[in-house]
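Dear colleague,

I am passing on the model we spoke about, so that you can look through it alongside my notes. Please read the notes with the structure open.

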Amino acid sequence: MDFWRKVCCSCCHGEEELEKNPLVVGDTLQYFNQLQKRRRSEAINLWSEPADSTHMERDDDHELYTLIQKRSKMRRGSEGYRRVSIDISAHRQIRRKVKDRWKQVLEALGFKAEADGLLAITSSTSYESLRNPQDARRLLNALAEQTTIFDRHRGGPPERYLFILDRLLLLDVGEDFLSAARHFYPVEEEGEGGSSSSEGPSSPDPVLVKLDSDAPEEEEEEAEEEDVDDEVDEAD
């Protein structure tokens with residue numbers, strides 16, 4: 001009973017301290033608000049090298065980041081703004097396609113409920129956290145060479161998936177994932193024009209960016225992404 005009284009008292013005392021220091025509360029709320037915006041930005045952009053906060057280490061990240069910065073200096077709604085937005089959307093669609101392929105394979109392995117969590121990588125994820133870095137790297141290279149799960153990703157396979165493979169190795173399903181990826185997204189023999197295995201998800205078609213205005217849901221999603229970019233630029 002004394003233990004719970006101490007806990008309750010300490011909580012009440014903490015709340016009183018926060019009330020006495022409104023500036024601290026304001027700073028804390030601002031910090032978490034900016035952190036939330038950054039997390040949303042990371043989830044939208046799916047940086048290939050999530051640990052690189054400058055987005056300069058990989059050409060694909062650098063190109064996307066440069067486009068976002070370029071758009072932030074343009075008048076919203078202008079022709080130039082819309083043109084750059086189309087380029088940004090194309091980059092993001094390619095990254096989403098890769099993530100969707102990984103999610104499909106994970107769900108096929110029985111991780112339907114856990115797929116989103118396993119695929120969630122943020123800038124706070126560090127290489128020091130890797131438990132099986134060599135095996136994860138081996139699987140990443142094997143996926144790039146023996147499957148089309150990354151399609152023809154420029155600059156090699158995204159590093160973010162190294163961390164995901166490390167998680168799968170801890171679950172003892174790393175090799176199973178590679179086998180399933182080979183099945184669902186096989187490398188086509190030279191000269192073959194057929195599709196991937198009919199028993200699993202087919203290889204997605206090349207990314208096409210719609211230029212027509214009859215897709216309100218896509219426009220709404222694009223507008224939300226633009227808002228996130230603007231918010232993060234202001235926070236920086």
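This is a predicted model: local features need pLDDT of at least 70, side-chain atom pairs count only at pLDDT 80 or more; totals for chains, interfaces and linings use all residues.

Residues are numbered from 1 along each chain as its sequence is written, and side-chain values use heavy atoms, with hydrogens and water left out.

Buried here means under 20% relative accessible area, exposed over 50% and partly exposed in between, with a 1.4 Å probe and protein chains only. Helices are DSSP runs of H or I with at least four residues, strands are runs of E with at least two, and both are numbered from the N terminus. Leaving aside residues up to four places away in sequence, Trp102 is in contact (heavy atoms within 4.5 Å) with Leu119, Leu143, Ile149, Phe150, Tyr161, Ile164, Leu165 and Phe177.

Helix α3 (residues 59-72) has 14 residues and spans 20 Å from its first C-alpha to its last, close to the 20 Å expected at 1.5 Å a residue, the expected span being 1.5 Å times one less than the number of residues. Its buried residues are Asp60, Asp61, Leu64, Leu67, Ile68 and Arg71. They lie on the same side of α3, because they cover an arc of only 130° around the axis, taken from the directions from the helix axis to the C-beta atoms.

There are six aromatic pairs in the structure; rings of Phe, Tyr and Trp (its six-membered ring) pair if their centres lie within 6.5 Å, and planes under 30 degrees apart count as stacked, over 60 as edge-to-face and the rest as tilted. Tyr127 and Phe163 make a tilted pair, 5.1 Å centre to centre with 50° between the planes, and this pair links the loop between α5 and α6, where Tyr127 lies, to helix α7, which holds Phe163, 36 residues apart. Tyr127 is partly exposed at 32% relative accessibility, whereas Phe163 is buried at 3%. Ring pairs also join Trp102, Phe150, Tyr161 and Phe177 into a cluster.

The count of salt bridges (a side-chain nitrogen of Lys or Arg within 4 Å of a carboxyl oxygen of Asp or Glu) comes to eight. Asp116 and Lys103 meet in one of them, at 3.1 Å from N to O; Asp116 lies in α5 and Lys103 in α4, so the pair ties together parts that are 13 residues apart in sequence. Within α4, Glu79 bridges to Arg83, four residues apart and about one turn of the helix, with the closest N and O atoms 2.9 Å apart. Glu79 is exposed at 61% relative accessible area, and Arg83 is partly exposed at 47%. Asp135 and Arg138 also form a salt bridge, their closest N and O atoms being 4.0 Å apart, and salt bridges that share partners join Asp135, Arg138 and Glu175 into one network.
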